[in-house]
Amino acid sequence: MVIRIAIIGTGRLGTRLAEQIVTDGVCDELYLSNRCTQRLSGTLLSLNIWSKLLQKKTKISILDLKDINLMNVIIIAIKENYDPRTVIRNASFPSWH
């Protein structure tokens, strides 16, 4: 049986979880999704390099949402009620910003 894990959100938490999943060899296939395509591309590149250095066989790629039902585990690593437009609209930046 092929074990497939999807992580939605590749911020600090999602990326750290992905690193640990690769390190531990928990699954055969790891799929990632993030709203920022640049961050997602960088994370994919880093994790693929990490996997090669550790000589792991985990396949790491972008999650296609039409394949979501094929996943054994789905991890959602996004901030609750996070909408950056609210921060901008309310101008609630920290004083040091």
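Predicted model: local features only at pLDDT ≥ 70, side-chain atom pairs only at ≥ 80, totals over all residues.
Which residues of H2 are buried? They are Leu40, Thr43, Leu44, Leu47 and Ser51. These residues lie on the same side of H2, because they cover an arc of only 105° around the axis. Their packing partners are helix H1 (12-24), strand E2 and strand E3 (59-62). The face turned away from this buried side carries the exposed residues Gln38, Leu45, Lys52 and Leu53. After H2 comes Gln55, whose phi is positive, near 55°.

Strand E2 covers residues 29-33, and Ser33 lies in it. Is Ser33 buried or exposed? Its relative accessible area is 17%, and since buried means under 20%, Ser33 counts as buried. Leaving aside residues up to four places away in sequence, Ser33 touches Ile7, Ile8, Gly9, Thr10, Leu40 and Leu63. One of these contacts, Leu40, also belongs to the buried residues of H2.

The last topic is empty space. Rolling a probe the size of a water molecule over the atoms shows where such space is left. In this model, the largest pocket has a volume of about 510 Å³. It is lined by 15 residues, of which Gly11, Arg35, Arg39, Ala77 and Lys79 are the closest to its centre. By class, the lining comprises six nonpolar, five polar and four charged residues.

Methods
Residues numbered from 1 in each chain as written. Heavy atoms only, no water. 1 Å grid on protein atoms, 1.4 Å probe; cavity = no way out; pocket = protein on both sides within 12 Å on 5 of 7 lines; lining within 4 Å. Points joined across faces, edges and corners; volume = space filled by probe spheres on them. Nonpolar A, V, L, I, M, F, W, Y, C, P; charged D, E, K, R; others polar. Helix = DSSP H or I, 4+ residues; strand = E, 2+ residues; numbered from the N terminus. Buried < 20%, exposed > 50% of the residue type's maximum accessible area, 1.4 Å probe, protein only. Contact = heavy atoms within 4.5 Å. Arc of directions from axis to C-beta.
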